[in-house]
Amino acid sequence: QVQLVESGGGLVQAGGSLRLSCAASGRTFSTYAMGWFRQAPGKERVLIAAISSSGGSTYYADSLKGRFTISRDNAQNTVYLQMNSLKLEDTAVYYCAASTTWSGSTSYRVDYWGKGTLVTVSS
């Protein structure tokens, strides 16, 4: 059992930046791929970024590429999502998710979910 706890969400003005963090419990964080999903109002939950266990491989959804950056610090059992140039349409609940199997493809099997953190972008 792994517990994932997101933090850093909140209200931000369009064009601004926000950094989300996801802290993981357990002794095997460095063996998991980590990803970020988001679910906007009225939309399905979608994968927006992922990073391999070592940090050597990353994935970004086309709509976010160039604005968002995923990173991890295995010594701190933490994965981050740096969000820049935020737009109104980025408003969503953002979820941290761990995978024991992802290795660079767009298919991401989630083994553990966080509860999510709300990001609201205002004009």
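Predicted model: local features only at pLDDT ≥ 70, side-chain atom pairs only at ≥ 80, totals over all residues.

Colleague: What makes strand S1 and strand S7 edge strands?

Modeller: The open sheet has four strands in the order S1-S3-S8-S7, with antiparallel pairing. Strand S1 (4-7) and strand S7 (68-73) each have a single partner strand, so one side of each is left without a neighbour in the sheet. On average, neighbouring strands of this sheet are turned by 15° against each other, direction ignored.

Colleague: How do you know that S7 and S8 pair?

Modeller: Two strands pair if there are at least two bridges between them, and S7 and strand S8 (residues 78-83) have six bridges, in the antiparallel sense. Within this region, Phe 68 stands opposite Met 83 in S8.

Colleague: Why is the pair of Tyr 95 and Trp 113 called edge-to-face?

Modeller: Ring centres must lie within 6.5 Å, and planes over 60 degrees apart count as edge-to-face; the centres of Tyr 95 and Trp 113 are 6.2 Å apart and their planes stand at 85°, so the name applies. The pair links distant parts of the chain, with Tyr 95 in strand S9 and Trp 113 in strand S10, 18 residues apart.

Colleague: Why does Tyr 95 count as buried, and what is Trp 113 called?

Modeller: Buried means under 20% relative accessible area, so Tyr 95, at 12%, counts as buried. Trp 113 has 38%, which lies between that limit and the 50% above which a residue is exposed, so Trp 113 counts as partly exposed.

Definitions and conventions: Residues numbered from 1 in each chain as written. Heavy atoms only, no water. Helix = DSSP H or I, 4+ residues; strand = E, 2+ residues; numbered from the N terminus. Axes fitted to C-alpha atoms, helices over the stretch in contact; angles between N-to-C directions. Phe/Tyr/Trp six-rings, centres within 6.5 Å; stacked < 30°, edge-to-face > 60°. Buried < 20%, exposed > 50% of the residue type's maximum accessible area, 1.4 Å probe, protein only.
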